[in-house]
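This report walks through one protein model, from its charged network to its surface. Keep the sequence and the 3D view open while reading.

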Amino acid sequence: MKKTIILAAMLALPTFAGQKVIVNQAPVAPVTAPAVASPWSVEGAFTYGWALSKIAKNGESNKKLKNVIGGDITGVYALDENQAVTLRFGYTWAGRKNSYGNWGGHDKIRQHTFYLMPGYRYTCPIATDWSFFAGVNVGVANASTKVTTYWPENAGKDSAHKAAWGFAYSVEAGVRYAITESVDVFGAWDFTGNTASCKFPGGGKTKAQINTGFRVGVGVKF
């Protein structure tokens, strides 16, 4: 009996030797590379401040322009976790109405300024979701000033409109709060100025605008 079993096994060996051995394996999931954060972000901001520019007329300076309001759009490219370069395009409006006492006359001053400034910013964390930042910008500005004067004795008015180019600059420091990984809000003290001075007929001109105020806005990462 033992010899019979051994003989049967020897006869079956060539049959199994020609068969392929199949091993069942679990499927291997593909390896996903970690997402790389984009260095780009964009900010939209509102600004409010107090201008120090004046209209010089006949050797005398009228009152300051005030209620400087505006806004800007800033593109930000992060160099690393703390440093970034920026490019800001913005607009401000300032105005004032001056009265001439017993004369009954008055004038209205309106100034529109556009500026484009590349810059540098440094950011450092100070708490969970909070960070401090400071930046400086230098570029160009175009200031357009319109002065309208009304004289009641002749029921008429004079108007002059001039524009000029100059250098623009800005220094800011503030705090930022991250709402999500992609969206944050910020508030900053902002000091800006430009050298654009508009000259009017008769010797009048605007002085360079210097403005200090606040800048608040929201930033979005791509």
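A salt bridge here is a side-chain nitrogen of Lys or Arg within 4 Å of a carboxyl oxygen of Asp or Glu. E43 and R121 meet this criterion, with their closest N and O atoms 2.6 Å apart.

## Basis of the model

The model is predicted: local features need pLDDT of at least 70, side-chain atom pairs count only at pLDDT 80 or more, and totals for chains, interfaces and linings use all residues. Residues are numbered from 1 along each chain as its sequence is written, and side-chain values use heavy atoms, with hydrogens and water left out.

## Overall build

The protein has one helix and eleven strands. Helices (H or I, at least four residues) and strands (E, at least two) are DSSP runs, numbered from the N terminus. The order from the N terminus is α-β-β-β-β-β-β-β-β-β-β-β.

Of the 222 residues, 34% count as buried. Buried means under 20% relative accessible area, exposed means over 50%, and partly exposed lies in between (1.4 Å probe, protein chains only). A contact means heavy atoms within 4.5 Å. Among contacts with a separation of 6 or more, 62% join residues 24 or more positions apart. The accessible surface comes to about 14,300 Å², and carbon and sulfur atoms hold 65% of that surface. Areas come from the Shrake-Rupley method with a 1.4 Å probe; for residues, only the protein chains shown count as cover.

## The salt-bridge network

The whole structure holds nine salt bridges. A network of them links E43, D72, R88, R121, E172, R176, D184 and R215.

Return to E43 and R121. E43 sits in strand β1 (residues 40-51) and R121 in strand β6, so this pair ties together parts 78 residues apart in sequence. Both residues are buried. R121 also meets E172 in a salt bridge (3.7 Å, N to O). That pair links distant parts of the chain, with E172 in strand β8 (residues 156-178) and R121 in β6, 51 residues apart. E172 is buried too. D184 and R176 form another salt bridge, at 3.2 Å from N to O. D184 is buried at 11% relative accessibility, and R176 is buried at 10%.

## R88 in strand β5

R88 belongs to the network and lies in strand β5 (residues 83-99). What makes R88 count as buried? Its relative accessible area is 2%, and the cut-off for buried is under 20%.

Two polar contacts involve the R88 side chain. One goes to the side chain of T74 (3.0 Å). The other goes to the side chain of E172 (2.9 Å). A polar contact is a pair of N or O atoms within 3.5 Å; within protein, one must be able to donate a hydrogen and the other to accept it, and residues adjacent in sequence count only if both atoms are side-chain atoms. Leaving aside residues up to four places away in sequence, R88 touches D72, I73, T74, Y115, L116, M117, R121, N137, S170, E172, D190 and R215.

## Aromatic pairs

There are nine aromatic pairs in the structure. Rings of Phe, Tyr and Trp (its six-membered ring) pair if their centres lie within 6.5 Å; planes under 30 degrees apart count as stacked, over 60 as edge-to-face and the rest as tilted.

F133 and F186 are edge-to-face, because their centres lie 6.1 Å apart and their planes stand at 90 degrees. F133 is in strand β7 and F186 in strand β9 (residues 183-194), so the pair ties together parts 53 residues apart in sequence. F133 is buried at 0% relative accessibility, and F186 is buried at 6%. W189 and F191 are stacked instead, at 6.3 Å between centres and 20 degrees between planes. W189 is partly exposed at 42%, as is F191 at 28%. Elsewhere, Y48, W50 and F214 form one aromatic cluster.

## Surface patch and a loop residue

A nonpolar surface patch covers about 1,100 Å² and includes W40, V85 and W189. Strands β6 (106-127) and β7 (130-151) are the elements giving it two or more residues. Patches are made of residues with over 30% relative accessible area and no salt bridge: like charges are joined within 9 Å, nonpolar side chains (Val, Leu, Ile, Met, Phe, Trp, Tyr) within 5 Å. V85 lies in strand β5 and is partly exposed at 36%.

D129 lies in the loop between β6 and β7. Its phi is near 70 degrees, a positive value in a residue other than glycine. D129 is partly exposed, at 42% relative accessibility.
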